[in-house]
Amino acid sequence: MSVIFPVAVNVFRESVRDKVLYNLVFFAVLLIAASYLLSQLTAGQDVKIIKDLGLAASSLFGLFIAVFIGIGLVWKEVERRSIYSLLSKPLRRRDFILGKYLGLVFTLLVNLAIMATALYLVLAYYAWTSPESLSRAWEAPAMDPALLEAFALIFVELMLVTAIALFFSTFSSPLLSAALTFGLFGIGHFNADLKHFESVVASPVAAWVARVLYYLLPNLAPFDVKSQVVHGQPVAAGYLLLTSAYGLVYIGALLVAAAAIFSRRDFK
Amino acid sequence: MSDEDLKPAVREWKPTLAVAAALVALVGIALALQQARERAYGEPQAADDVLYVRSGPTLEKIALSYKAILADVYWIRAIQYYGGTKRSASSEKRYDLLYPLLDITTTLDPFFNIAYRFGAIFLAESYPGGAGRPDLAVALLEKGFRARPEKWEYLQDIGFVYYWWLHDYGKAASWFEKASGVAGAPWWLKSLAAVTLTQGGDRRSSRLLWQQLRETADNDWLRTNADWRLTQLDAMDQIDELRFAVRQYAQRLGRLPQSWVDLERAGLLRGRPLDPTGTPYELDPTTGNVTVARTSPLFPLPTDPQGQR
């Protein structure tokens, strides 16, 4: 752990130096501008749309950070040839991978925490300035703590995407890694179709292959509870736990695979 | 003045200022060129009435985990489309995209309560104030109830569509009855069903209906809409009284009044009659018919099939 920590801290510092957290400024501007414009456009749905926008922007900005920083985590060290000096130190390759991963995950956590705070501040303003006749119509209170459930699953999903990006970056170029990660992110959101593939193909083999793929590929759709939370629909604690546990186990598998590939890589 | 004469701070800022000035000048020129082109060749038409993807399920796939925000975009489009079409001066208003927009919105976000309830109002409202498609309003609300079976309000709204727009009081009563069977539905829905069945079309029962909707509205807009309907019903009562006065005038003098002044002179009216919004009523001197003015916010009044009070 003592060797993983400095690697992780370094990734976080590098992200700050690379102005990754500047996206928070865009996020704040987006929320404030939207708050002003929405009251003119949405027929009393401002709070719902601000929540949707805040959650979607947190997820989207996080996705871009996870992918574009994630694919460069290993590649940059190889490209700059700093990998040689790093690996000459008493640092196992798997610790290097884990440190890099945890560093980016921490960056994402800080980013999401600030975004969540900014969203709650805007919602607090709405709660404070809206007359009771308007706030009575809200399906969920403006400062609904349940929003944190959506943020929690967004975070686990971003952790998973980071692990995918890191996994690909251990053996392919940044461009290919980005394409593959975005591809898996897309597939992950509609791979439920694969489970019932037998209804669209006659071949039992194709249906079986589709079913195997369904279980093999990451299933990201269950991480999206934004709509339920915004509408004040309850999300069961068991659901949150099982989905998070699934994500963490999948992340574990990806990190093991990434570490195994990276350990066998020849940098000569 | 040479560069050496400038103060160091000014010298330092000089290149930045030069770049800023160049940018302002270039953007200014670009704007002027654009205006010149628009003056010469006309402004480009906004492609507002285009819906590139009409399939909600397809959009649902494309949206990945951003369905809710995309639903908001389509909701804003639906409002803009409805408002824009309603306010347009065109004599051939078309609301063709309204249902597809609402359908996509509610497919992307099946919990979007207001999209079902407002959407049904926009769709059911008679043309040209709305799409004049109560059938689609019912379809949208039924879709809402499939997504949220606890929402008795959707069944109540279907009852309203049958009552108010389709004047099918039997069906209206049966929907109110269905709504009353949903857990958490208010007690008065059962009596509303009974009143609708026995006194459907009666203006008093219409008033009762809108009063109930007003009192249970979960949104200011729905409340305002109910208030507006209640004001229309008040205007319809006043019009009945004015028509009665016109008939009395015709019976007494054997001809129709040519203006409100004739009725005033005959002692049947005190002053020019105004509707509840303060707009004068219109009297047709050839038929004796009394209506709200086209300029009145209450225009057009709903159909009153039985004309009872």
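Me: Which side chain of chain A does D109(B) meet in a salt bridge?

Reply: The model is a predicted one. The rule for a salt bridge requires a Lys or Arg nitrogen within 4 Å of an Asp or Glu carboxyl oxygen. For D109(B) the N to O distance is 3.1 Å, and the partner is K48(A).

Me: How many salt bridges does the rule find across the interface of chain B and chain A?

Reply: Between these chains, nine residue pairs are in polar contact, both residues being at pLDDT 80 or more. As for salt bridges across the interface, the rule finds three.

Me: Which helix of chain B supplies the largest share of the side that touches chain A?

Reply: On that side, helix 3 (67-87), helix 5 (113-124) and helix 11 (220-253) of chain B each supply at least two residues. The largest share is eight residues, and it comes from helix 3 of chain B.

Me: What area do chain B and chain A bury between them?

Reply: The contact involves 24 residues of chain B and 29 residues of chain A. In chain B, S65(B), Y66(B) and F111(B) lose the most area, together 26% of what that side buries. Of the area buried between the two chains, 58% is on carbon and sulfur atoms, and the area is about 2,200 Å².

Me: Why does the distance between the end C-alpha atoms of helix 13 of chain A agree with its number of residues?

Reply: Helix 13 of chain A covers residues 237-264, which makes 28 residues. At 1.5 Å a residue, the helix should therefore span 40 Å. This agrees with the separation of its end C-alpha atoms, 41 Å.

Technical notes. Residues numbered from 1 in each chain as written. Chains lettered and ligands numbered in written order. Predicted model: local features only at pLDDT ≥ 70, side-chain atom pairs only at ≥ 80, totals over all residues. Heavy atoms only, no water. Contact = heavy atoms within 4.5 Å. Buried area = accessible area lost by both parts, 1.4 Å probe. Polar contact = N/O pair within 3.5 Å; in protein donor to acceptor, adjacent residues only side chain to side chain. Helix = DSSP H or I, 4+ residues; strand = E, 2+ residues; numbered from the N terminus. Expected span 1.5 Å × (residues − 1).
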